[in-house]
Amino acid sequence: MATARVIPAAAATSCLFSRTPASLNRRAGSAGGLCFFRRAGAGGAPAPLSSSRRSFACSAIYNPLVKVKEEGKPETLDYRVFLVDDSGKKISPWHDIPLQLGNGIFNFVVEIPKESSAKMEVATDEPFTPIKQDTKKGNLRYYPYNIHWNYGLLPQTWEDPSFANSEVEGAFGDNDPVDVVEIGESRRQIGEILKVKPVAALAMIDEGELDWKIIAISLDDPKASLVNDIDDVEKHFPGTLTAVRDWFRDYKIPDGKPANKFGLGNRPADKAYALKVITETNESWAKLVKRSIPSGELSLV
């Protein structure tokens, strides 16, 4: 039996390239809002409402109540976590939640709550890209130990597998949205949407693929106002950046696989670099949804 819970999403004030269903834009305002692209018909590209060279004019305020709808039982192959709008229509946590909220604030969709081990992820090849538990050879996947931070994705980003990043050993993107490690103290829920500040980035190389890890903190965390860049993380969350790197370096070793590697000198990059990664991967996502790049098996719905 499907169940649903309501989670409030943030009001948007500005954005990079975004696409949001009209059903989520109920109220327009002249004081700035969400810029979005309408869904096109079958086989067509989304058409912009208005645009400038690098960003897009804002035309609506994004302030819906998004429901999390669970289908199937947790820890089964059938379990799915969908997002639905206030009319009950399914929306994609990858494509339909706006990325940027202005002033360096971004939406973050939780896939894996902290202190849990089920490997949950957005199903990028299924309609409406629900969150499900990853599988290998038909079996549900678990990390060998709990992850100690909330983990999930930045919507409207994509690591292009055809792009070789010259700054990170020429590694190609992993064909997924950009991952986020949220370091705040609270344990979140699957499908929850948080407003976060990116403060650092780790360039993980997983079996030759570039798999960015953006380090961020939720705005409602008690220390959020104190943490604005990489040095603040070391000051207020001492040892956390090293712990995050070591966790992702080693988590495959118990399965007999080699440790993951990291580019950029094996060190985390600062906030400015994290924002650069977000901008570039948002632009890659824009090309994907405009059909400028072949989507392969990825769902654009």
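Modeller: A definition comes first: rings of Phe, Tyr and Trp (its six-membered ring) pair if their centres lie within 6.5 Å, with planes under 30 degrees apart counted as stacked, over 60 as edge-to-face and the rest as tilted. The model is predicted, so to speak of local features requires pLDDT of at least 70, side-chain atom pairs count only at pLDDT 80 or more, and totals for chains, interfaces and linings use all residues. Residues are numbered from 1 along each chain as its sequence is written, and side-chain values use heavy atoms, with hydrogens and water left out.

Colleague: How many aromatic pairs are there in the whole structure?

Modeller: The search finds eight aromatic pairs. One of them joins Tyr143 and Trp247 edge-to-face, at 4.9 Å centre to centre with 80° between the planes. Tyr143 belongs to strand E14 (residues 142–147) and Trp247 to helix H2, so this pair ties together parts that are 104 residues apart in sequence. Helices (H or I, at least four residues) and strands (E, at least two) are DSSP runs, numbered from the N terminus.

Colleague: Is Trp247 buried or exposed?

Modeller: Trp247 counts as buried, at 5% relative accessibility. Buried means under 20% relative accessible area, exposed over 50%, and partly exposed in between (1.4 Å probe, protein chains only). Tyr143 is also buried, with a relative accessible area of 7%. Another edge-to-face pair is that of Phe248 and Tyr251, 6.1 Å centre to centre and 90° between the planes. Phe248 is buried at 2% relative accessibility, and Tyr251 is buried at 8%.

Colleague: Which residues form the aromatic cluster?

Modeller: Tyr143, Tyr145, Tyr151, Trp247, Phe248 and Tyr251 form one cluster.

Colleague: Which residues of H2 are buried?

Modeller: In helix H2 (residues 240–250), the buried residues are Thr240, Leu241, Val244, Arg245, Trp247 and Phe248. Seen down the axis of H2, these buried residues fall within an arc of 160°, so they line one face of the helix. The arc is that of the directions from the helix axis to the C-beta atoms.

Colleague: Let us turn to the lysines. Where is Lys213 found?

Modeller: Lys213 is in strand E20 (residues 209–218), and it counts as buried at 1% relative accessibility.

Colleague: Which side chains make polar contacts with that of Lys213?

Modeller: The side chain of Lys213 has a polar contact of 2.5 Å with that of Tyr151, and another of 3.1 Å with the side chain of Asp211. A polar contact is a pair of N or O atoms within 3.5 Å; within protein, one must be able to donate a hydrogen and the other to accept it, and residues adjacent in sequence count only if both atoms are side-chain atoms.

Colleague: And what else is Lys213 in contact with, leaving aside its neighbours within four places in sequence?

Modeller: Contact means heavy atoms within 4.5 Å. On that basis the partners of Lys213 are Tyr151, Asp179, Val181, Ala200, Ala201, Leu202, Met204 and Phe248. Two of these names return from the aromatic cluster, Tyr151 and Phe248.

Colleague: Why is E20 described as largely enclosed?

Modeller: Nine of the 10 residues of E20 are buried, so the strand is largely enclosed by the rest of the structure.

Colleague: Which strands are joined to E20 by bridges?

Modeller: Two strands pair if DSSP finds at least two bridges between them. Strand E17 (residues 171–173) runs parallel to E20 and is joined to it by two bridges, with Gly173 the bridge partner of Leu210. Strand E18 (residues 178–182) also runs parallel to E20, through four bridges, and Val181 stands opposite Ile215. E19 and E20 run antiparallel with 10 bridges, and Ala201 is the bridge partner of Ile214.

Colleague: What happens in the hairpin of E19 and E20?

Modeller: There are two residues between the strands, and Glu207 takes a positive phi near 50°.

Colleague: Is Lys195 buried or partly exposed?

Modeller: Lys195, in strand E19 (residues 193–206), is partly exposed, with a relative accessible area of 38%. The C-alpha atoms of Lys195 and Ser218 are separated by 5.7 Å, although the two residues are 23 apart along the chain.

Colleague: Finally, what does the chain contain overall?

Modeller: The chain has three helices and 21 strands, and 52% of its 301 residues count as buried.
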